[in-house]
Amino acid sequence: MSLPIAERMSRIGTETAFAVSLEAAELAGQGKKIYPFHLGDINIITPANVIDAAVAAIKKGKTGYCPTAGIPELREALARDIGAARKMKFKAENVSIQPGGKPTISKFILVAMNPGDKVLYPNPGYPIYESQIDFNGGIGVPYGYKEGKDGFILDMEAIRKGIRAGAKILLYNNYHNPTGASSTRGEMEELARLAVKNDLSVLADEAYFDIRYGGEPMSIASFPGMAERTIILYTFSKKFAMTGWRLGAAVGPAKFIEQISKINVNHESCSNHFIQYGALAGLQGSNEEPDRIVAALRERRDELVKRLNEIPGIRCFKPEATFYLFPNVTGAMKSKGISDVEEFRKRCLHETGVSFCTRRHFGRPLPGETEEYVRFAYSGIEMAQIKEGLEKLAKFLA
Ligand SMILES: Cc1ncc(COP(=O)(O)O)c(C=O)c1O
């Protein structure tokens, strides 16, 4: 081959959910009506104050490079905002602005992990964890979630086992994609206790911290002994409906944050300059717009949970955070005589147009898994379409 590909590229993963999008788009191109529950994008426009401030910044000439770790005003505002929401204290030096939330995952791993290190990560979970651990030569140690009474709970025993096997790094995503799980205070306390006792480095992926429908938010970074060992992944994508703008941050101990910014110098010089003024306006504005986004999502969640639970053979929790549902579809598959969850997904898509991901899109299945799950995202679909799609799905699965 004239352009050989390096060995490491055989170890990088992808978001296979994008393949579901392609399949759905292809069917839509053939004229089939699609109900898009597969992608975690948001079909709500970014708040006007954010848009106006970014446009004004372009017009004012904020179109050149800016400091690698972000404009000082945004770093300061984010330090204050993240600190206040988590009852912690941060300064600008604790914040490195990133082009999205996602880059914090790979940069954290690059700074914290040596090749051969064992890294605990959620599975099912955001697929980029597994991809980046493998790509950078680490050894992924998966831990799962189990069905509790009202929602999914961490498999703490799997985490303890991983620590006993030598894992020194923990990737922890609360509030959790794809299950929608929120850790209880007790669960988080126990996890923090384990992290401190075993001297773990922790990435707290808090991409959905602000997409909550009840209860007080909690960050593992705020528990005793955790601030000095935790990097928080922050993103503007969800709270301000800014997925396509690409802006987020890594937040934590200044010495670690400096190393993360060094990677930014090498990769992108700086994050997009004028967009940072938009994000700043978002942080300084009232909470009215973010609240409106969460209110719209809550209505969709309530409708979707109700309708899914009305379908025989489907069991679905009502999560207090994120915009995902992770229903157990084992019974529905059985009554259709389908034993493979991918086949179930495809049959539902082709027969009804209802498009969703399955457990398989969120990491390699673990040994001993007996139940089948799919993931519904309700961030990119209107209420009327939710009702119509679920009617078709209910008929198909009846
Ligand atoms: C758990 C989790 N972490 C991080 C991200 C990255 O978000 P973004 O890069 O769009 O800010 C996502 C996006 O879906 C996510 O689900």
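Helix α5 (residues 127–135) is mostly covered: 9 of its 9 residues are buried, where buried means under 20% relative accessible area, exposed over 50% and partly exposed in between, with a 1.4 Å probe and protein chains only. This is a predicted model, in which local features need pLDDT of at least 70, side-chain atom pairs count only at pLDDT 80 or more, and totals for chains, interfaces and linings use all residues. Residues are numbered from 1 along each chain as its sequence is written, and side-chain values use heavy atoms, with hydrogens and water left out.

- Helices (H or I, at least four residues) and strands (E, at least two) are DSSP runs, numbered from the N terminus.
- The buried residues of α5 include Pro127, Tyr129, Glu130, Ile133, Asp134 and Phe135.
- The cover over the buried residues of α5 includes helix α4 and the strands β3 (118–122), β4 (139–143), β7 (169–173) and β8 (201–205); contact means heavy atoms within 4.5 Å.
- Just after α5, glycine 137 has a positive phi of about 80°.

**Nonpolar cores**

- A nonpolar core is a set of buried Ala, Val, Leu, Ile, Met, Phe, Trp, Tyr and Cys residues joined through side-chain atoms within 4.5 Å.
- The largest such core holds 92 residues, and Phe37, Leu171, Phe344 and Phe376 have the most contacts inside it.
- Helix α10 (residues 288–309) gives the largest share of this core, 6 residues.
- A second, separate core has 28 residues, among them Ala57, Leu78, Ala249 and Tyr277.
- Leucine 171 touches Tyr129 and Ile133, and its other partners include Phe108, Val119, Tyr143 and Leu203; residues up to four places away in sequence are not counted.

**Largest pocket**

- The largest pocket has a volume of about 510 Å³.
- On a 1 Å grid over the protein atoms alone, a pocket is an open set of points where a 1.4 Å probe fits, with protein on both sides within 12 Å along at least five of seven lines; lining residues have an atom within 4 Å of a point.
- Grid points are joined across faces, edges and corners, and the volume is the space filled by probe spheres set on the points.
- Of the 27 lining residues, Glu15, Gly40, Tyr126, Tyr208 and Lys238 are the closest to the pocket centre.
- Helices α1 (17–29) and α4 (102–112) and strand β9 (230–235) each supply at least two lining residues.
- The lining has 11 nonpolar, 9 polar and 7 charged residues; Ala, Val, Leu, Ile, Met, Phe, Trp, Tyr, Cys and Pro count as nonpolar, Asp, Glu, Lys and Arg as charged, and the others, Gly among them, as polar.

**Cysteines**

- The whole structure has 0 disulfides, a disulfide being a pair of cysteine sulfur atoms within 2.5 Å.
- Cysteine 66 is in no disulfide, and its nearest cysteine sulfur, that of cysteine 270, is 4.0 Å away.
- Cysteine 66 is buried, with a relative accessible area of 11%.
- Cysteine 270 is also buried, with a relative accessible area of 11%.

**Backbone features**

- The peptide bond from asparagine 123 to proline 124 is cis, with omega near 10°; proline 124 is in the loop between β3 and α5.
- Asparagine 177 and proline 178 are joined by a cis peptide bond with omega about 15°; proline 178 is in the loop between β7 and α7 (185–197).
- Alanine 241, not a glycine, has a positive phi of about 45°.
- Alanine 241 is in the loop between β9 and β10 (248–251) and is buried at 7% relative accessibility.
- Arginine 246 has a positive phi near 65°.
- Arginine 246 is found in the loop between β9 and β10 and is partly exposed, with a relative accessible area of 34%.
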